[in-house]
Amino acid sequence: MLITGSSTGFHIHLAPVACASVPAMTALAANTWDAFAARSLAGEALTRSECLEVLHASEDELLPLLQAAFRVRREYFGRKVHIQVLENAKVGACPEDCGFCSQSAPQGSPAGKEPMQSVESLVESASKAAAIQAKRFCMVTATRGPSERDLDVICEAAKQIKEKYQIELCASLGLLTEAKAKRLAEAGIDRFNHNLETSENYYDKVVTTHSWADRVNTVKLAKASGMETCCGGIVGLGESEEDLIDLVFALRELEVDSVPVNFLDPRPGTALAAHQRINPRYALRALCLFRFLCPKADVRIAGGREVNLRSLQPLALYPANSMFTSGYLTTGGNAPTDDMQMIADAGFELEFDGIEPDLSAAARRVSLPVVSPSAN
Ligand code: SF4
């Protein structure tokens with residue numbers, strides 16, 4: 001076998017031997033993916049040509065590729081799946097112009113506008129997340145960065161939630177200063193989310209009101225304050241494969257703890273409204289790439305998963321170890337019970353962090369039937 005790289009991709013040339021059948025090709029590819037998994041587990045990055053090879057895996061190679069990504073995922077997370085719930089604490093009217101976002105005021109804020117929630121309503125939402133055994137509760141505001149008043153609300157809610165529930169807290173509030181990052185960390189925010197969204201090269205094609213470097217700086221400030229960092233991006237913005245690879249390498253370099261992988265769900269009224277959704281098999285190959293290059297990170301299937309992965313959603317649990325449930329900031333999603341059933345059906349386990357789940361309490365509080373996570 002001769003493997004060569006080129007600007008258009010990565011090619012495997014098979015010697016014309018008598019047994020060069022389709023099963024033999026698949027076996028050869030499986031060895032390639034296994035080698036990638038072994039190198040990922042050893043802490044080695046793939047080369048850019050190898051990253052392209054992952055993104056170009058054929059349909060015959062998809063299951064062996066997923067199996068190799070699962071080897072890496074299993075090493076750090078076993079068969080556990082963390083579920084996470086988002087709470088949009090302040091909706092819309094954001095001054096930034098991110099072309100994919102329906103909360104952007106320059107694009108007319110098609111998702112609508114709602115003022116900052118009260119401390120009480122955030123605590124109430126956190127109680128619902130705790131009831132479905134979500135590992136984390138994430139409070140999100142549509143802002144360039146948090147005002148002092150926003151910080152007052154988020155910090156007070158964080159203190160009260162931590163007193164009442166055993167749930168980790170994440171906040172996503174836009175750009176930070178050093179002082180704001182410190183305040184959030186001191187209030188009990190465990191993890192701060194700020195996505196890079198796409199590559200440095202492609203960023204100004206979708207956002208002009210702040211730079212990619214601004215985003216990187218906030219991630220570094222969050223990390224320096226002692227919070228864990230959650231930082232990912234969106235696949236399907238029109239970026240090239242090279243851009244996607246750049247993004248994944250940037251996340252690897254930042255050593256982020258958690259990588260939410262969103263898939264563009266084009267929102268009416270936004271600059272990217274006419275974009276096509278991506279192919280679900282490409283979404284799976286992209287997730288494998290994130291896993292190989294960020295082997296120890298929580299790789300989380302995030303916004304747009306239902307409409308981009310469609311019937312292949314369960315396969316995403318092989319590279320990814322985490323997922324959002326109950327919808328996203330401006331779009332609906334699967335109900336928690338459906339996601340819990342999918343996790344159980346695929347033979348994965350919900351993450352409970354050692355807390356015995358009170359399923360009857362969960363059923364009472366969210367008024368939904370709750371399946372046993374261990375049901376077959
Ligand atoms: S992605 Fe965030 S910063 Fe950009 S417009 Fe939407 S809410 Fe504002």
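**Entry 1: overview**

I counted the secondary structure of the protein chain first: 13 helices and 12 strands. Both kinds are DSSP runs numbered from the N terminus, helices being H or I with at least four residues and strands E with at least two. I'm working on a predicted model, where local features need pLDDT of at least 70, side-chain atom pairs count only at pLDDT 80 or more, and totals for chains, interfaces and linings use all residues. Residues are numbered from 1 along each chain as its sequence is written.

Next I checked burial, and 48% of the 376 residues of the protein chain count as buried. My cut-offs, with C-beta atoms placed from the backbone: buried is 20 or more other C-beta atoms within 10 Å of the residue's own, exposed is 12 or fewer, and partly exposed is in between. For contacts I ask that two C-beta atoms, placed from the backbone, lie within 7 Å. Of the contacts in the protein chain with a separation of 6 or more, 77% are between residues 24 or more positions apart.

**Entry 2: strands 4 and 5**

I looked at strand 4 (residues 136-141) and found six of the six residues buried, so this strand is largely enclosed by the rest of the structure. Both faces are covered: one side has Arg-136, Cys-138 and Val-140, the other Phe-137, Met-139 and Thr-141. Strand 4 pairs with strand 5 (residues 168-172) in the parallel sense, over five bridges. Pairing here needs at least two DSSP bridges between the strands. I picked out Cys-138, whose bridge partner in strand 5 is Cys-170.

**Entry 3: helices 5 and 6**

I fitted the axes of helix 5 (residues 148-164) and helix 6, which come within 8 Å and cross at roughly 20 degrees. Axes are lines fitted to C-alpha atoms, for helices over the stretch in contact, with angles from 0 to 180 degrees between N-to-C directions. That makes helix 5 roughly parallel to helix 6.

Who makes the contact? Helix 5 brings Leu-151, Cys-155, Ala-158 and Lys-159, while helix 6 brings Lys-180, Arg-183, Leu-184 and Ala-187. I sorted the residues of this contact by class and got five nonpolar, no polar and three charged. Ala, Val, Leu, Ile, Met, Phe, Trp, Tyr, Cys and Pro count as nonpolar, Asp, Glu, Lys and Arg as charged, and the others, Gly among them, as polar.

**Entry 4: Ile-189**

I moved on to the loop between helix 6 (178-187) and strand 6 (191-193), where Ile-189 is found. Ile-189 counts as buried because 27 C-beta neighbours lie inside 10 Å. Leaving aside neighbours within four places in sequence, Ile-189 is in contact with Ala-158, Leu-169, Ala-171, Leu-184 and Met-227. I also took the C-alpha to C-alpha distance from Ile-189 to Lys-159, 30 residues apart in sequence, and got 8.7 Å.

**Entry 5: the ligand**

I listed the residues around the ligand: Cys-94, Glu-96, Cys-98, Cys-101, Gln-103, Ser-104, Ala-142 and Gly-174. The criterion is a C-beta atom, placed from the backbone, within 6 Å of the molecule. By class, this shell has four nonpolar, three polar and one charged residues.

**Entry 6**

I found strand 9 mostly covered, with six of its six residues buried. Strand 8 (residues 233-235) and strand 9 pair in the parallel sense over three bridges. Ile-234 has Asn-262 as its bridge partner in strand 9.

I then checked Asp-298, in strand 10 (residues 298-301). Is Asp-298 buried or exposed? Asp-298 is buried, with 24 other C-beta atoms within 10 Å. Not counting residues up to four places away in sequence, Asp-298 touches His-82, Asp-257, Ser-258, Val-259, Asn-321 and Ser-322.

**Entry 7: positive phi**

I went through the backbone angles too. Most residues other than glycine have a negative phi. Glu-197 has a positive one, near 70 degrees, and sits in the loop between strand 6 and helix 7 (200-206). Glu-197 is buried, with 23 other C-beta atoms within 10 Å. Glu-255 has a phi near 55 degrees, also positive, in the loop between helix 9 (241-254) and strand 9 (258-263). Glu-255 counts as partly exposed, with 13 C-beta neighbours inside 10 Å.

How values were computed: Angles under 35 degrees count as roughly parallel, over 145 as roughly antiparallel, 65 to 115 as roughly perpendicular and the rest as oblique.
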